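Student: Could we go through this structure together? I would like to begin with the overall picture and then turn to a single residue.

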Amino acid sequence: MLAELEPTFSDSLLAHRFDLPDTDHIKKKKGKESSVFRKLDVTDIFSADMTQKENRDVLEQTADMDDYLLEYAFNILTNNLDWPYNNVEAWHWTGDYDPQRPFTDGRLRFVIFDSDKAFNADPELEGGFGTDNLTNIMENIHIGRDSAFPNIMKAKTYSDKFFTILSDLMNTSFQTDHVVDLIRESYAQVQEDVKSYYTEEYRQQIESDFEGALNLASSRNETVRADLQTWFGLSPEDRYQLEVSAGDGVSVSWDFMSVPRKTPYTGSYYTDIPITLTASVAPGWRFDHWEVNGKNYVPKEQADEADESVTEGT
């Protein structure tokens, strides 16, 4: 019910959000993932041997793989059972490339929409939809059929990044308490209308759905961690705490994450999954050193470099 409040991703909205010159050169396809890829003539690219660098190079010229992995991370963390054999939408720009507008590079990107089966505990869904979408995808069953994801994850480059994106989200927007609070807040906004305009039978169904969503949200992160152990051998116990802080004139970033100055960050990550942290220095400042586990690491060239990096997790 709450998912029905999602906005429609019209061409004009995409053009506005991604700074595209017009709506005439936006190409979109929607449906099950395998059908979308077939219509866009990229099936062979996504199904190629991902252990080969040349195939990954072609894939990354075709699709924004960070965006693809983020789409999967979001839908898996919400346990959207009506995806990816349904409700996949990809778009790309078909006009000229403008270096000042990065989203005109022509690569495929993905829209998250129609998530009414996210955090859905309706027992009638189990027969056709299963109970866990990552299991559906990896076992190629239910609405997880024909996904390119298992093939993509054969490349360590992509699997490592996916595990990091999942961890980033579970440490921030998808912290269990935060998600539960958002569900409660969203339901509170419509609760009076539900009481006023719906039958008693339907009100009871909505209340049951609400409690089911809370229960699923409360356990989802642990379920995902158990799935990662089952399918990829990542033990929930084999993790470490990453603590990041930055002083004046510098911020630290990795993948989709950015830690601004004097804003400490703490999160849990998998051991042996490397994370490359990059320090970006503001104009007028000079990078001095990293401090890792109490030990200082000074860059080889102590010059006015804009960025320095260090790898964690190994």
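**Overall fold and one residue**

Tutor: This is a predicted model. Of the contacts in the protein with a separation of 6 or more, 67% are between residues 24 or more positions apart.

Student: How many helices and strands are there in the protein?

Tutor: The protein contains 11 helices and 11 strands.

Student: What radius of gyration does the protein have, and what would a compact globule have?

Tutor: The protein has 22 Å. A compact globule with 314 residues would be near 20 Å, so the value agrees with that expectation. Along the principal axes, the C-alpha atoms fill a box of roughly 70 × 45 × 40 Å.

Student: What share of the residues is buried?

Tutor: Buried residues account for 44% of the 314 residues. As for the surface, the protein exposes about 16,700 Å², and carbon and sulfur atoms supply 46% of that area.

Student: Changing topic, how many positive and negative side chains are there?

Tutor: There are 29 positive and 58 negative side chains. The centres of these two sets lie 3 Å apart.

Student: Now the single residue. Where is R225 found?

Tutor: R225 belongs to helix α11, which covers residues 200–232.

Student: Is R225 buried or exposed, and why?

Tutor: R225 is buried because its relative accessible area is 10%, and buried means under 20%.

Student: Which residues does R225 touch, not counting those up to four places away in sequence?

Tutor: With those neighbours left out, R225 touches M170, L234, P236, R239 and Y270.

Conventions
Residues are numbered from 1 along each chain as its sequence is written. This is a predicted model: local features need pLDDT of at least 70, side-chain atom pairs count only at pLDDT 80 or more; totals for chains, interfaces and linings use all residues. Side-chain values use heavy atoms; hydrogens and water are left out. Helices (H or I, at least four residues) and strands (E, at least two) are DSSP runs, numbered from the N terminus. Buried means under 20% relative accessible area, exposed over 50%, partly exposed in between (1.4 Å probe, protein chains only). Contact means heavy atoms within 4.5 Å. The radius of gyration is taken over C-alpha atoms; the globule rule is 2.2 Å times the number of residues to the power 0.38. Accessible areas come from the Shrake-Rupley method with a 1.4 Å probe; for residues, only the protein chains shown count as cover. Lys and Arg count as positive and Asp and Glu as negative; His and the chain ends are not counted. The place of a charge is taken as NZ of Lys, CZ of Arg, CG of Asp or CD of Glu.
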